[in-house]
Amino acid sequence: MKFSGKVAIVTGAQTGIGLAIAQRLAGEGAAMVLADIADAAPQARELQAGGARALALKVDVADEDSVRAMVERTVTEFGRIDILVNNAAIAATIQLRPFEEISVAEWRRMQDVNAMGPFLCTRAVAAHMRRQQSGRIVNITSGTAFKGAPFMLDYVASKGALMTMTRSLAHELGPAFITVNAVSPGYTLSEGNLGNTAFLATYREAAIATRALPRDGWPSDIVGAVAFLASDDAAFISGQILAVDGGSVYH
Ligand SMILES: NC(=O)c1ccc[n+]([C@@H]2O[C@H](COP(=O)([O-])OP(=O)(O)OC[C@H]3O[C@@H](n4cnc5c(N)ncnc54)[C@H](O)[C@@H]3O)[C@@H](O)[C@H]2O)c1
């Protein structure tokens, strides 16, 4: 129960990798906020049934007021914030297309959710973590930003931004003993990705072919790295990007 007494917010926790992370942190004792633009109440109830303290909040991470309300409600409910996992993203719903076909509106929304969202969430929790002189922030980036994956330029750009934000934020928040790290999954069979047949056909076998460990990746493969970086075991690690992809990218 290494997160006993800790309070964690996981954004995008209604499904996929975010839900798996929330389940792990709750299973190890964290009071959990499942923050999602979709309704995560059933998922929160499931955690409560297992004995966890859990709260579902409807949040658009790209909306400043919505994020502020998420943080205020968390502190009202649980008293503090120890862990923020910036996982919410436009991800499994991606439609692969040449960059010339990406509209300005699509580009902007992608950056708003995937890059500005983590900025707004981090900014909103920072005051609380600074007061505590402790905190763990884990950003979920993507191997596509290392690899330069084609046909999703808006997505790759947003994840590249999040990687560089991880390093700069580590320096800005380090004096308050707040760590900021990232986990970079390879192609992972989340429920959403399993439902995106074009994406699946393009990436599933191709991803496996690049791996030292030649098998599919699942949400359960990602959570251990996140739990480690969110724990006290990682107290002296900051600004790092940990690839969890079966041994595909080296950096
Ligand atoms: N699955 C993969 O292959 C893979 C690979 C690399 C990185 N990632 C990253 O891992 C994370 C999770 O991936 P996934 O496959 O579970 O994604 P997913 O698309 O299945 O789930 C994303 C979640 O974020 C929520 N969300 C979307 N926009 C939101 C917003 N504006 N505000 C709040 N919540 C919002 C969705 O409702 C959903 O619950 C993402 O950051 C993704 O970019 C995934």
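## The ligand and its pocket

The ligand sits in the largest pocket. Keep in mind that this is a predicted model.

Who comes nearest? Among the 29 residues around the ligand, that's Asp36, Asn87, Tyr155, Thr188 and Ser190. Sorted by class, the shell around the ligand holds 14 nonpolar, eleven polar and four charged residues.

| Residue | Ligand atom | Distance |
|---|---|---|
| Ile37 | nitrogen | 3.2 Å |
| Val59 | nitrogen | 3.3 Å |
| Thr188 | oxygen | 2.7 Å |

On its own, the ligand has 840 Å² of accessible area, and the protein covers 92% of that.

What about the pocket itself? The largest pocket holds about 1,000 Å³ of space and has 49 lining residues. Ala89, Ile90, Ala91, Ala92 and Tyr155 lie nearest the centre of the pocket, and Tyr155 also belongs to the group that comes nearest the ligand.

H1, strand E2 (31-36), H4, helix H5 (143-147), H6, helix H7 (191-195) and helix H8 (197-209) each supply at least two residues. H8 has the largest share, with four residues. By class, the lining of the largest pocket splits into 23 nonpolar, 19 polar and seven charged residues.

Methods: Residues are numbered from 1 along each chain as its sequence is written. This is a predicted model: local features need pLDDT of at least 70, side-chain atom pairs count only at pLDDT 80 or more; totals for chains, interfaces and linings use all residues. Side-chain values use heavy atoms; hydrogens and water are left out. A residue is near a molecule or strand if one of its heavy atoms lies within 4 Å of it. A polar contact is a pair of N or O atoms within 3.5 Å; within protein, one must be able to donate a hydrogen and the other to accept it, and residues adjacent in sequence count only if both atoms are side-chain atoms. Accessible areas come from the Shrake-Rupley method with a 1.4 Å probe; for residues, only the protein chains shown count as cover. On a 1 Å grid over the protein atoms alone, a cavity is a set of points where a 1.4 Å probe fits but cannot get out, and a pocket is an open set with protein on both sides within 12 Å along at least five of seven lines; lining residues have an atom within 4 Å of a point. A molecule sits in a cavity or pocket if more than half of its atoms lie within 2 Å of its grid points. Ala, Val, Leu, Ile, Met, Phe, Trp, Tyr, Cys and Pro count as nonpolar, Asp, Glu, Lys and Arg as charged, and the others, Gly among them, as polar. Grid points are joined across faces, edges and corners, and a volume is the space filled by probe spheres set on the points.
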